[in-house]
Amino acid sequence: MERNLPDGTGPVHVPFGHVVANEKWRGSQLAQGMQGKIKLVFEDGLAPVDFYLSARSCILYITEADLVAGNSYRKRLVRVRNSGNLQGIVVVEKTRMTEQYFGSIQKFTVLDLGMVLLPVASQMEASCLIIQLVQEQIKEPNKNPFLRKKQALISEPSLLRTVQQIPGVGKVKAPLLLQKFPSIQQLSNASIQELEQVVGPAVAQQIYAFFTRSRNILHTDWSAPCFLHLMYLGFRSMPLGVAQLHSL
């Protein structure tokens, strides 16, 4: 198996319809759930990646134990995010034990890194998710919503409606903002000066204040409805729009 970079974040040759799995998953419930349904190949030296779906798409799997142990998982996510070679999907075990840690990893993954995060209740559920990804790629590679280029379509109704609801924006300014900032994550990170170039100083202040308040809500109450709704649309703007996101 050819790898171009020594740190495990370089392109890996993945035969069509296969998943290349990190050797550490051999014999696991996750691997057993996939065997017989898709072709699974185990390889050493894939760290920090757990599963390659294609040469440029991969899964980083965060277990219950990873979350409880602390923030060491963040280094893996940052390596993949900064590699420039991979589009990483972060799959996280969301259980009763990890409920208290989930808000932190969700913020770090989505807001700070701009990566896709999908929660699962168990390794068996994760195996079904990975099978679905591979099968969709086999059917219509260019239409797999998980693996398409992370670029929002301005015509996507749910994203457009959400941006319209930001104070001061409305139906006229929302399309202009999405042309400049094609995702919630990019829009939330925009400076006042960048926003002013699109909507003028008054509305720019309103938008900036809105996201600042949302971040404050995040630190005090992750369950706040307005911010959860934005997070859902943040995922969709990559774009996703799948049933798994409704479990957030």
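**View 1. The whole chain, before we zoom in.** Residues 24 or more positions apart account for 66% of the contacts in the chain with a separation of 6 or more. Keep in mind that what you are looking at is a predicted model. The chain has 11 helices and 6 strands, and buried residues make up 52% of its 248 residues.

**View 2. Inside the largest nonpolar core.** Nonpolar side chains in soluble globular proteins tend to be buried together. Here the largest nonpolar core has 24 residues, and the ones touching the most other members are Val19, Leu30, Met34, Phe51, Ile59, Val91 and Ile130. Which helix gives the largest share? That's helix 5, with 6 residues. There's another core lying apart from this one: it has 23 residues, among them Val12, Val80, Val92 and Met115.

**View 3. Isoleucine 59 and its contacts.** Zoom in on isoleucine 59, one of the residues touching the most other members of the largest core. What does isoleucine 59 contact, leaving aside its neighbours within four places in sequence? The list runs through Val49, Asp50, Phe51 and Leu53, then Ile89 and Val91, and finally Ile130 and Leu133.

View 4. The structure holds 2 aromatic pairs. To describe a pair of aromatic rings, you give the distance of the centres and the angle of the planes. Take tryptophan 25 and phenylalanine 51: their ring centres are 5.7 Å apart and their planes sit at 35 degrees, so this pair is tilted. Tryptophan 25 is in the loop between strand 1 and helix 1, while phenylalanine 51 is in strand 3 (residues 51-52), so the pair ties together parts 26 residues apart in sequence. Now look at tryptophan 25 with tyrosine 61: the centres are 5.2 Å apart and the planes are at 80 degrees, so these two are edge-to-face. This pair links distant parts of the chain too, since tyrosine 61 is in strand 4, 36 residues from tryptophan 25. Together, ring pairs join Trp25, Phe51 and Tyr61 into a cluster.

**View 5. Helix 3 and its buried face.** An α-helix has 3.6 residues a turn, so residues three or four places apart point the same way. In helix 3 (residues 73-83), the buried residues are Tyr73, Arg76, Leu77 and Val80. Why do they line one face of the helix? Seen down the axis of helix 3, they fall within an arc of 95 degrees, so one face is where they end up. Lys75 and Asn82, on the other side, are exposed. What covers the buried residues includes strand 4, helix 2 (64-69), strand 5 and helix 4 (99-112). Helix 3 is followed by glycine 84, which has a positive phi, near 75 degrees.

**View 6. Two charges sitting over rings.** Arginine 74 lies over the face of phenylalanine 108, 4.3 Å from the ring centre. Lysine 94 lies over the face of phenylalanine 102, at 4.6 Å from the ring centre.

Conventions
Residues numbered from 1 in each chain as written. Predicted model: local features only at pLDDT ≥ 70, side-chain atom pairs only at ≥ 80, totals over all residues. Heavy atoms only, no water. Core = buried A, V, L, I, M, F, W, Y, C linked by side-chain atoms within 4.5 Å. Buried < 20%, exposed > 50% of the residue type's maximum accessible area, 1.4 Å probe, protein only. Helix = DSSP H or I, 4+ residues; strand = E, 2+ residues; numbered from the N terminus. Contact = heavy atoms within 4.5 Å. Arc of directions from axis to C-beta. Phe/Tyr/Trp six-rings, centres within 6.5 Å; stacked < 30°, edge-to-face > 60°. Lys NZ or Arg CZ within 6 Å of the ring centre and 35° of its normal.
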